[in-house]
Amino acid sequence: MFMCYSSNNMSERVVSIIVPVYNVEAYLPECIDSLLGQTYPHLEVLLIDDGSTDGSGKICDDYAQRDSRVRVVHKANGGLSSARNAALPLVSGEYLMYVDSDDWIALDTLEKCMAILKRQPEVEILEFGAIDYIDGQLAEYKSYSGGKGDVQMSGPEALRSYSLGNLPSPLACAKLYVRDRISELRFLDGRLHEDNTYIFESLTKIKHYYYLNEPLYFYRRNREGAITQTLNLKVQDMFLNISDVRSKMSKEHPEYVVYANSLLLHRVLDYSFRCYRQGIDVKKFEKMLAPFIDSVKSYPILAPTAKKRLFIRMPKLYVRFTVNVLPKIRKVLKWRPFK
């Protein structure tokens with residue numbers, strides 16, 4: 001059952017912030033305070049209580065009673081995608097942002113973003129830097145732009161970059177979207193790693209992307225009960241999601257198939273090395289990845305280098321050679337690759 005609170009009328013340039021909430025009573029006030037304390041005040045916060053069994057639902061209601069910019073939805077538990085999707089028909093702002101309920105943002109985040117959008121109103125997705133917060137400590141900030149400062153790209157350039165594993169990041173959070181450009185998009189329900197394909201489809205809808213190289217989003221990792229703690233158990237969802245989007249593109253927008261296929265190739269290549277280096281059950285992981293790697297052969301890819309082609313043809317041999325043999329050869333011969 002849904003229960004909503006109405007917000008007052010605000011400026012036309014309102015930012016709607018969707019916050020899925022599930023059993024985060026220890027972290028939720030810090031998250032909400034970082035939103036309501038923004039130096040840019042024209043916002044609405046939609047707190048989607050996804051069937052919490054702790055005190056999170058009451059915290060949401062308490063904030064709604066104190067601040068008219070807060071609206072609350074209480075619903076049966078359905079997962080992160082379900083919570084986000086439940087909020088999307090209710091938003092009214094010109095801009096849209098996602099913030100996870102155990103994370104928070106800098107108090108001047110919206111002010112800085114809106115200043116850029118005022119100067120460059122053509123920007124339709126504005127991403128800003130994120131920094132990990134691990135066991136009570138901020139990690140070193142690692143810019144997605146590789147230290148290149150702010151980055152601007154056209155929509156097609158951003159889609160190509162993303163499909164090759166570069167900017168934009170595969171996170172729905174830490175981004176400000178022009179809502180009417182992506183209003184019909186929804187998150188894949190019932191699976192993890194739903195952000196990957198949401199970002200992909202968003203990039204097919206826009207003409208201008210901007211990356212603000214400043215850490216404004218604080219991403220809490222390693223907390224007890226966090227979804228990110230169990231990603232490795234269902235990482236197959238990532239490849240299923242991208243495969244589904246590739247199929248969707250082949251029917252509706254064939255021009256984007258090469259990008260979806262390249263994204264799938266990048267992800268399976270990346271995770272092939274991860275499982276091998278992190279001591280995961282390699283044989284089991286390779287068996288799971290095999291059909292996805294095989295499916296890549298049926299579609300074109302971007303930048304078909306010799307390394308990519310070798311991986312597609314002989315994935316196990318390629319990974320083992322790269323991880324175990326190549327470093328030894330380089331050490332013995334003191335060889336360095338040409339730049």
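Q: Where is Val325 placed?
A: In this model, which is predicted, Val325 belongs to helix α12, the helix that covers residues 315-333.

Q: And is Val325 buried or exposed there, or partly exposed?
A: Val325 counts as partly exposed, because its relative accessibility is 35%, and buried would require a value under 20% while exposed would require one over 50%.

Q: What does the side chain of Ser16 reach?
A: The Ser16 side chain makes a polar contact of 2.5 Å with the side chain of Glu44, and it also reaches the backbone nitrogen of Gly93 at 2.8 Å.

Q: Which other residues is Ser16 in contact with, leaving aside neighbours within four places in sequence?
A: Besides Glu44 and Gly93, the contacts of Ser16 beyond those neighbours are Leu46, Val91, Ser92, Tyr95, Leu96 and Met97.

Q: Now the largest nonpolar core: how many residues does it have, and which touch the most other members?
A: That core has 106 residues, and Val15, Tyr98, Leu126, Leu176, Tyr198, Phe200 and Phe239 are the ones touching the most other members. Helix α9, residues 257-277, gives the most to this core, contributing 11 residues.

Q: What does Phe239 touch?
A: Not counting residues up to four places away in sequence, Phe239 touches Leu264, Arg267, Val268, Tyr271, Met288, Leu289 and Phe292.

Note on methods: Residues are numbered from 1 along each chain as its sequence is written. This is a predicted model: local features need pLDDT of at least 70, side-chain atom pairs count only at pLDDT 80 or more; totals for chains, interfaces and linings use all residues. Side-chain values use heavy atoms; hydrogens and water are left out. A polar contact is a pair of N or O atoms within 3.5 Å; within protein, one must be able to donate a hydrogen and the other to accept it, and residues adjacent in sequence count only if both atoms are side-chain atoms. Contact means heavy atoms within 4.5 Å. Helices (H or I, at least four residues) and strands (E, at least two) are DSSP runs, numbered from the N terminus. Buried means under 20% relative accessible area, exposed over 50%, partly exposed in between (1.4 Å probe, protein chains only). A nonpolar core is a set of buried Ala, Val, Leu, Ile, Met, Phe, Trp, Tyr and Cys residues joined through side-chain atoms within 4.5 Å.
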